[in-house]
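Here's a quick briefing to read with the model open beside you.

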Amino acid sequence: MGFKFTLLCDLLSNLDNSKTAKASTAARNQNPDIKTVAQWFARHERTIHDAKTDRVALLTCMFPEKRTDRVYWLQAMQLSRVIGRCLGLGSSRLSELNRWQSPGGFDLGACVETVMRQAENYIPAGQELSVEEIDRAMVRIASRCRFSGPQVRRTRTAVDVEETLSKLYRRLSSRDAKWLTRMILKSYSPVVFPQNYTLKKFHFLLPQLLQLQNSFEGALEMLASDPINNFPPNPDPQTARSLNAIALQHMRPRPGIKVGRPDYYKARSIKHCHQMVNGRRMSIERKYDGEYCQIHVDLSNKYTPIQIFSKSGKDSTADKDKIIPVIEESLRTGLPGCEFTSRCIVEGELLVWNDQSGQVMDFNKIRRFIPRSGTMIGVDNDSPPQPYEHLMIMFFDILLLDDDVCLAKPHRERRLLLQKVVKTIPGRADLAYQEVLDFNRADSYHRLEKSFEKAIAKRWEGYVLKASDEPYFPIYSTGVDHMFGRWIKLKKDYIPGLGDTLDLALIGASYNARDASDLRQIKGLKWTHFFVGCLLNPDRVKEGDALPHFQIVDVINRHNMSIQTMQTLNQIGEFYAREPETFEGFHIDYGHEALPTATKLFKYPFIVEMLGSGFEKPSGARYSTLRFPRILKIHSDRTLAECISFYELQLSAEHARAVPADELEERERWSKRLKVGGQLDQCIVRSRSPEATCSDTDDETNPPSSQAHQAVTTFGESLMDASPLVEGLVEDSMIKDSHDHPLPPLVYIDETTLPTEEENSVLESIILVDNENLSSRQHRSQKDGKIAWQESSSFSRPIWATKFISARKEHSQKLYGAQEPLSGKLLVPTSPKQKRKMPPQSPLTTIPIWTPGTSLGSFTLPQMYEKPSNDRDLDEFVRCLCSDESASSLQTSNPYTASQGSRFGIVLFDPIATQLGKEMHRLAKTLSIFVDTGICPLPSMGSIFFLGSSMLECDLRPDDLRFCLRDTWTDIGRDYFYGCLSWSLSKRSEDISTGRGELRSDSDRYCYDMTETTEPPVSAVSGPRTPWIEMSFDETAIAVLGEYISIKPLAHILYN
């Protein structure tokens, strides 16, 4: 009889019913799903391990998504039609079955249950459907599809899909039919098995066996072999450890069955990576942007001696047969010099090589060489392969060599063995680029940083770090920590502020029922997919003589945004949604035929900032767009004119892929961005990642939900919520501050434009050695101070003691060249505040300047958890900034700024001795405390500019009127600008899309919660409110310090 399918449906229904229990407080300590699974296995263990039960069929029904070798060719639309005919539904019941297509309704499985409940099938005792019968039926259906695996296709017979499924559905209850429908669609969502625990309850060795042989058939065959077949399926923990040690001696990979892959962690910064390595010796390998291949060689197999498996585990030998001759030549199979006699398993990356350029080509080029199940897909708009372009295999690991299980060897030994086995062939077969770094060295952080700068400058995808002294899987060692045997991926788009970011428009939306089942936590869900558009006619739109004309370049879904962003788009988009047939606000073109159709268009498109991992040419398209895009935030204060146009998108893609002409200059630029991004990441708690550990299939294949980096989350969040791996990146004092002091401000990090460097800049030589992880530092000498300070504290208005001559001749000539009227619109002052008979004063004599208490002549290692000693000076600086004297002085240098009630301040800091991110964060908290406590009235808005203290080394005359000129500050910003911190007391927090808390209820939907308790709307709150504070890194921002474009004649900037 086998195992009854209804018993499995009992487990699925119990897991589905435990959703309420999982939301309770008790679920934090113990997952209710674990208890449910344990009880079910205890009840049916004897039946599961009975000789009449086909355990492969049972596991297949439990985990249908694992059967990548089976493709049923039945999507939800086709399956609903088949089910309707199988059940003989009339028009009314058929209409009810199709409710799954409507937003906010049920999925197809739930609709099948509803329809069948109206006329339940009578199932006699003993006639219940078994998992074995279902598995045989699904194999027959999959055998007809050319995208199924070769072994499945070999069983092909004439099959009538409707007749086959009809026999199944007519022997099922309505409840069980629901789960069968979801099984066919390969998703039991919203039910998710606790996979590792479920496999262990099936047999305690099964998770490890699936690592060595990643198929249910192979793993169960190993379980049936001696001596493992004598082991009990669920022994006590101590016995399990002993039996596990015995089993390891008999567990080995087998050619023809794919080996699993290790888990890996994502490094969110250089420092984060350095912490995870924890002093180990690491192999740093280049991550190639190609298709993963696991190559199995079995010379005893006369028909297919070489098999190639993809990352998903599917046998893709037939599609990749063009590379087989290269593999045979490189491994020297059957030739003298071959290092194995019969069997071998190696790993590599399949790439496209260009003989003319001598380089690896972009990832999208590979689809011109590799068909999918015999069909070339998405190549209609691609240029044909050139004679000098061809496939190449890049080997990077060896897993088996005859009877030697290399998986148990440390990586350094596997690498040496791989070098012996593989013969390199220029442009055809090679070994992956590798560096070895001992992280016990004092300079390991600096070396990793420099190596990563090189990788980014060369436009590499990134690095994969593997411990040199650890085996392929952790199962070969005992008593190890959670990092043992796990790789670390280091890519620039994992690090905040370093990915490719663009402002794009979401112009429409559509609904997909399959994705909706994973978004049930969103009430009133109307759309699951959103259409990204770029203007084709930006100039005509700006002139106002044409309607906007968009080209849809991409479609994004739950994998490309957080749940909060999805909820915001659904809630606000409801007010702007229009029917495409009647909407005339703009025109749209679809970029390629594979794109779905938008069912709604937004009268006012959403402007979003999107992060991507480089650019790619989509399948079937003629253009490039962001690869793996993720929404960072929604900008409600930006217009379509500020979005990137279609032409600009293509230019950005071309620039991002182009290898720079001056690699040294490019490396220095990325060095600065790495440091700024790393410092900011220490002071800002990011939003929760779905998982810290990623497994075999990474985000490049199946992007996880909520993967986008959020700009900011609340500082009061649990650090474990932010990420279990970033605990060391956030100071303990931050947690205390959230309770002992007023709430810190909302801080928006504008990472789109970071400071750039100019050639021969003094700043460049300083910032490149800013590395807080170095154990020793070189000391720089500095000239004696040339500034006399009005007070002994670390801030003051500078009184420059001497007239200087610039030490930098070239810079001096540019800064203090002949005073000629500068280009721009002139405005003759008319208001009393702007009228003046005397020339203005230099801003350097009117704006408060603060120098944090660090030595400018030498530097020491900053103590991250030590409370800064100059908080009092910082308070005095802010008080000076708020004073009436400061406002009065500002009128003499920046009259327009003073008339707007704004203030300016300058911070001169040493980038070697002071961390920019920490200093900006400390200043932001101080401003917030001033507002919350009412210590001193804070101006309604203002900006504080952070400049490198190396500016003091240049001989400058602060009272020179050229400091009133905008061009002067533009030049200064180019050489010394690091960042700008701006605040506003009038800007409302609801103008942002990511903030401290969740969106509230519909009644005050646009307010963000600033505390954990319910508060009245912002407009109803009395007393001071938390300011909106923004950090930006656009060097042109400092130009506002100069409000004039000419002194003689006096000409003020024209402000709108």
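C86 is buried, with a relative accessible area of 4%. C406 isn't part of any disulfide, and the nearest cysteine sulfur, that of C344, sits 7.6 Å away. Keep in mind that this is a predicted model.

**More on the cysteines**

- A disulfide needs two cysteine sulfur atoms within 2.5 Å, and by this rule the count comes to 0 disulfides.
- C406 is buried too, with a relative accessible area of 0%.

**The chain as a whole**

- The chain has 1056 residues, and 55% of them are buried.
- Its secondary structure comes to 33 helices and 34 strands.
- Of the contacts in the chain with a separation of 6 or more, 77% are between residues 24 or more positions apart.

**Helix α1**

- Helix α1 covers residues 5-17, which makes 13 residues.
- From first C-alpha to last, α1 reaches 18 Å, close to the 18 Å expected at 1.5 Å a residue.
- Which residues of α1 are buried? They are F5, L7, L8, C9, L11, L12, S13, L15 and D16.
- As a reminder when you look at that list, an α-helix has 3.6 residues a turn, so residues three or four places apart point the same way.

**Helices α10 and α11**

- Two packed helices are described by the angle between their axes and the distance between the axes.
- For α10 (residues 161-169) and α11 (residues 174-184), the axes come within 11 Å and cross at roughly 145°.
- On the α10 side, the contact is made by L165, L168 and Y169, which meet A177, L180, T181 and I184 of α11.
- Sorted by class, that contact of α10 with α11 has 6 nonpolar residues, 1 polar and no charged ones.

**Q208 in helix α13**

- Q208 belongs to helix α13, residues 206-212.
- Is Q208 buried or exposed? Q208 is buried, because its relative accessible area is 17% and the cut-off for buried is under 20%.
- Setting aside neighbours within four places in sequence, Q208 is in contact with N244, M251 and I475.

**Strand β2 and its partners**

- Strand β2 (residues 281-287) is largely enclosed by the rest of the structure, because 5 of its 7 residues are buried.
- One partner of β2 is strand β10 (residues 434-438), paired in the antiparallel sense over 5 bridges.
- In that pairing, I284 stands opposite E435 of β10.
- Strand β11 (residues 462-467) also pairs with β2 in the antiparallel sense, here over 6 bridges.
- What is the bridge partner of R286 in β11? For R286 it is Y463.

**K266 in strand β1**

- K266 is found in strand β1, residues 264-266.
- This lysine, K266, is buried, with a relative accessible area of 4%.
- K266 and V464 are 198 residues apart along the chain, while their C-alpha atoms are separated by 9.6 Å.

**Backbone spots to check**

- Most residues other than glycine have a negative phi, and most peptide bonds are trans. The following go the other way.
- The peptide bond from S189 to P190 is cis, with omega near 15°, and P190 is found in the loop between α11 and α12 (195-202).
- K186 lies in that loop between α11 and α12 as well, and K186 has a positive phi of about 65° although it is not a glycine.
- Where is P227? Its place is in the loop between α14 (216-223) and α15 (237-248).
- The peptide bond leading from D226 to P227 is also cis, with omega near -5°.
- R332 isn't a glycine either, yet its phi is positive, near 55°.
- You'll find R332 in the loop between α17 (324-331) and β5 (343-354).
- R332 counts as buried because its relative accessible area is 18%, and buried means under 20%.

Methods. Residues are numbered from 1 along each chain as its sequence is written. This is a predicted model: local features need pLDDT of at least 70, side-chain atom pairs count only at pLDDT 80 or more; totals for chains, interfaces and linings use all residues. Side-chain values use heavy atoms; hydrogens and water are left out. Helices (H or I, at least four residues) and strands (E, at least two) are DSSP runs, numbered from the N terminus. The expected span of a helix is 1.5 Å times one less than its number of residues. Buried means under 20% relative accessible area, exposed over 50%, partly exposed in between (1.4 Å probe, protein chains only). Two strands pair if DSSP finds at least two bridges between them. Axes are lines fitted to C-alpha atoms, for helices over the stretch in contact, and angles run from 0 to 180 degrees between N-to-C directions. Contact means heavy atoms within 4.5 Å. Ala, Val, Leu, Ile, Met, Phe, Trp, Tyr, Cys and Pro count as nonpolar, Asp, Glu, Lys and Arg as charged, and the others, Gly among them, as polar.
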